[in-house]
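This briefing is intended for reading beside the sequence and the structure.

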Amino acid sequence: MSILRSIAILTFAATILAFASSPRMPGQSQGSQPAPNKANKNAVGAGASQRGKKLVLKDGTFQLAREYQRSGERVRYLSAERGDWEELPAALVDWDATAKAEAAAVNDENAFLKTVHHEQAEQTAEMPRDVDASLPVAPGIFLPPGEGMFVVEGKSVTPLNQVSADIRNDRKQRLKQVLSPVPIIPSKRNIEIPGAKASRRINSERPEFYLREPAPDPNAVSTIRKSSRPGENGPEIELVRLTVKGGKRQIESIRSMFGQDISQDRNSISMQRWDVAKDVYRFTLSQELSGGEYAFAEILPDGVNLYVWDFGVDRQSAAGPSSKH
């Protein structure tokens, strides 16, 4: 009998504990007033961390509520900490302070979102774009992968090949120096590309050009060749109209005296450079290209890069202004 009596007592106790621990319905009132939150009333972000509103009391404490309703002399609120509907006398609530706390919480949230958006915008601006897949150069046309110079003609995007140029002493100028009794005639060197015509021909009126430079990694191997060290402020590119002489295309003529260069002559075409992505540059022309031979030459600190991107234009149009360098 004592065993049966013990089992009955344990069963009754378990029933009482289960009932006491079960959640109350929103319509049920509390038998006792909840203990106020003794946290510092100036603690910034307490409501945000609990995802609740501050129901500020006149004694300086507050209750965190997901929502609250004032009904006559009572205030019912859904506690953000306990997850239950609770009640307290409306006379205990400092309604002005509650409204100010709610407005401050809204301002803090807006400021936080503004900061997050600003940081995301900065990260997006600093982040290198995957230009191989996302850099449009024409409607529905994207820049192909790889380094080098590309030409855009309508909906066609193709690379230009780099060719090697040579530096040759001008024979006529050398002969003048030999015949002159006084060494006042400057020497002359010409930078030339073998062959009278480039294999690549362009016939669109206003082609555009894109250059993708290698990333600034000293250990990386680039497909873009340079005859001397590059500059530090991005590529300095010029479009040069070449002079065809004796089966060669001349890029530049350099005059020097007593071991010092005194002039560099090349016929550069006016164009504008646009930085469109990390290590990617767009070049637009200010004039139509008339028929002739051309080359993109990079101007390095030590002079013209001897590896250039050449092409020819077969169509005839009025030649615009060019500049002598």
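Which residue in strand 3 does S71 stand opposite? The residue opposite S71 is R74, in strand 3. The model is predicted, so local features need pLDDT of at least 70, side-chain atom pairs count only at pLDDT 80 or more, and totals for chains, interfaces and linings use all residues. Residues are numbered from 1 along each chain as its sequence is written, and side-chain values use heavy atoms, with hydrogens and water left out.

- Four strands form an open sheet in the order 1-2-3-4, and their pairing is antiparallel; strands are DSSP runs (E, at least two residues) numbered from the N terminus, and two of them pair if DSSP finds at least two bridges between them.
- Strand 1 (53-56) and strand 4 (85-89) stand at the edges with a single partner strand each, so one side of each is left without a neighbour in the sheet.
- From one strand to the next, the twist averages 50°, where axes are lines fitted to C-alpha atoms and angles run from 0 to 180 degrees between N-to-C directions.
- Strand 2 (residues 62-71) and strand 3 (residues 74-79) run antiparallel and are joined by six bridges.
- Strands of a sheet pair through backbone hydrogen bonds, either parallel or antiparallel.

**Salt bridges**

- The count comes to 17 salt bridges, a salt bridge being a side-chain nitrogen of Lys or Arg within 4 Å of a carboxyl oxygen of Asp or Glu.
- E192 and R168 meet through their side chains in a salt bridge at 3.7 Å, N to O. Because E192 lies in strand 11 (residues 187-194) and R168 in strand 10 (residues 166-169), the pair ties together parts that are 24 residues apart in sequence.
- E192 is buried at 12% relative accessibility, whereas R168 is partly exposed at 41%; buried means under 20% relative accessible area, exposed over 50%, and partly exposed in between (1.4 Å probe, protein chains only).
- In the salt bridge between D314 and R201, the closest N and O atoms are 2.8 Å apart. D314 lies in the loop between strand 23 (307-313) and strand 24 (322-324), and R201 in strand 12 (residues 201-202), so this pair ties together parts that are 113 residues apart in sequence.
- D314 has a relative accessible area of 39% and is partly exposed.
- R282 and E208 form a salt bridge at 2.7 Å, N to O. This pair links distant parts of the chain, with R282 in strand 20 and E208 in strand 13 (residues 208-212), 74 residues apart.
- R282 counts as partly exposed, at 24% relative accessibility.
- Salt bridges that share partners join R74, R76 and E87 into one network.

- Y281 lies in strand 20 (residues 280-285) and is buried, with a relative accessible area of 10%.
- Leaving aside residues up to four places away in sequence, Y281 touches several residues, including F209, Y210, P235 and W274; contact means heavy atoms within 4.5 Å.
- Y281 and M149 are 132 residues apart in sequence, and their C-alpha atoms are 9.4 Å apart in space.
- D279 lies in the loop between strand 19 (271-277) and strand 20, and at 18% relative accessibility D279 counts as buried.
- D279 has a positive phi of about 65° although D279 is not a glycine. Most residues other than glycine have a negative phi.
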